[in-house]
Amino acid sequence: MEKLQLFEGSLPVEQITNSWYEEFKSSNYGAIITFVGVVRDENSIDGLSFDIYEPILNSWFDSWQKKANEKNAIVLMAHSRGDVLNHESSYIAAVCSPKRRVALEMIDEFVEDFKAQAPIWKYDIIDGKRVYAEDRSTKIQGSGILN
Amino acid sequence: MVKVEFLGPINKEALNVEISNLNELGALLKEDQDVSKWLETCAVAVNDTLVASKDVALSDGDKVSLLPPVCGG
């Protein structure tokens with residue numbers, strides 16, 4: 001099973017989380033923590049839309065997998081491309097670990113680092129148009145070198 | 001030629017340019033009205049690896065990507 005999965009449009013949450021549980025429940029991970037991100041209805045948006053740059057997302061994810069493996073854990077992730085309407089899910093992250101504390105701490109770091117570094121761009125969908133969510137976006141570490 | 005691609009919201013077609021390092025690319029893009037305002041906030045990758053300084057030599061066939069601020073999830 002691919003540990004990083006990308007989907008067109010909203011995520012089939014039950015299908016993804018069930019498949020992860022089925023895949024790993026017998027692997028002796030004492031803790032499986034899943035974070036499901038859901039699009040909120042706010043600021044008059046109809047939903048969100050996403051662009052992803054896969055080559056760098058893959059290397060970012062691989063470096064997290066190495067970091068997790070050093071603690072005998074694994075990370076899993078699913079994300080949407082394109083449009084995701086309000087109250088649907090665009091992002092799921094999970095950590096499977098033999099130890100509870102490792103999983104609890106890693107899901108926090110994994111989700112926060114994802115927000116700050118993963119090459120994914122978010123747009124609000126307003127009146128059928130995509131508007132870059134500039135005010136909620138974060139510069140990737142090392143930005144501005146060409147300036 | 002070096003291919004320069006502009007990711008996400010920059011929304012600009014890729015360029016093919018004759019340059020030999022990132023310094024030259026910075027100078028070139030400062031003159032480009034569509035792109036200059038993004039330079040301050042963009043990260044830069046060479047052949048899909050993020051780089052931390054402008055002191056990077058480029059060769060024929062290299063790809064440079066500009067990554068504006070991100071917000072996944």
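Okay, some housekeeping. Residues are numbered from 1 along each chain as its sequence is written, and chains are lettered from A, with ligands numbered from 1, in the order in which they are written. Since the model is predicted, local features need pLDDT of at least 70 and side-chain atom pairs count only at pLDDT 80 or more, while totals for chains, interfaces and linings use all residues.

So, what is chain B made of? It has one helix and five strands, where helices (H or I, at least four residues) and strands (E, at least two) are DSSP runs numbered from the N terminus. Go along the sequence and you read β-β-α-β-β-β. The radius of gyration, taken over C-alpha atoms, is 12 Å for chain B, close to the 11 Å from the globule rule for 73 residues, so chain B is as compact as a globular protein of that length. That rule is 2.2 Å times the number of residues to the power 0.38.

Now the sheet. Five strands of chain B form an open sheet in the order E2-E1-E5-E3-E4, with mixed pairing; strands pair if DSSP finds at least two bridges between them. At the edges sit E2 (15–17) and E4 (49–51) of chain B, each pairing on one side only. E3(B) and E5(B), residues 63–67, run antiparallel over four bridges. One thing to find on your screen: Val44(B) has Leu66(B) in E5(B) as its bridge partner.

How many residues does each chain bring to the contact? Chain B gives 26 and chain A gives 28, with two residues in contact if their C-beta atoms, placed from the backbone, lie within 7 Å. On the chain B side, H1 (22–30) and E3 (43–46) each supply at least two residues, and H1(B) gives the most, with four.

Last stop, the core. The largest nonpolar core has 56 residues, and those with the most contacts inside it include Phe110(A), Val44(B) and Leu67(B). A nonpolar core is a set of buried Ala, Val, Leu, Ile, Met, Phe, Trp, Tyr and Cys residues joined through C-beta atoms within 7 Å, and buried means 20 or more other C-beta atoms within 10 Å of the residue's own, again placed from the backbone. Leaving aside neighbours within four places in sequence, Leu67(B) is in contact with residues including Tyr53(A), Ile140(A) and Leu7(B). In chain B, 34% of the 73 residues count as buried.

How values were computed: Buried ≥ 20, exposed ≤ 12 C-beta atoms within 10 Å, placed from the backbone.
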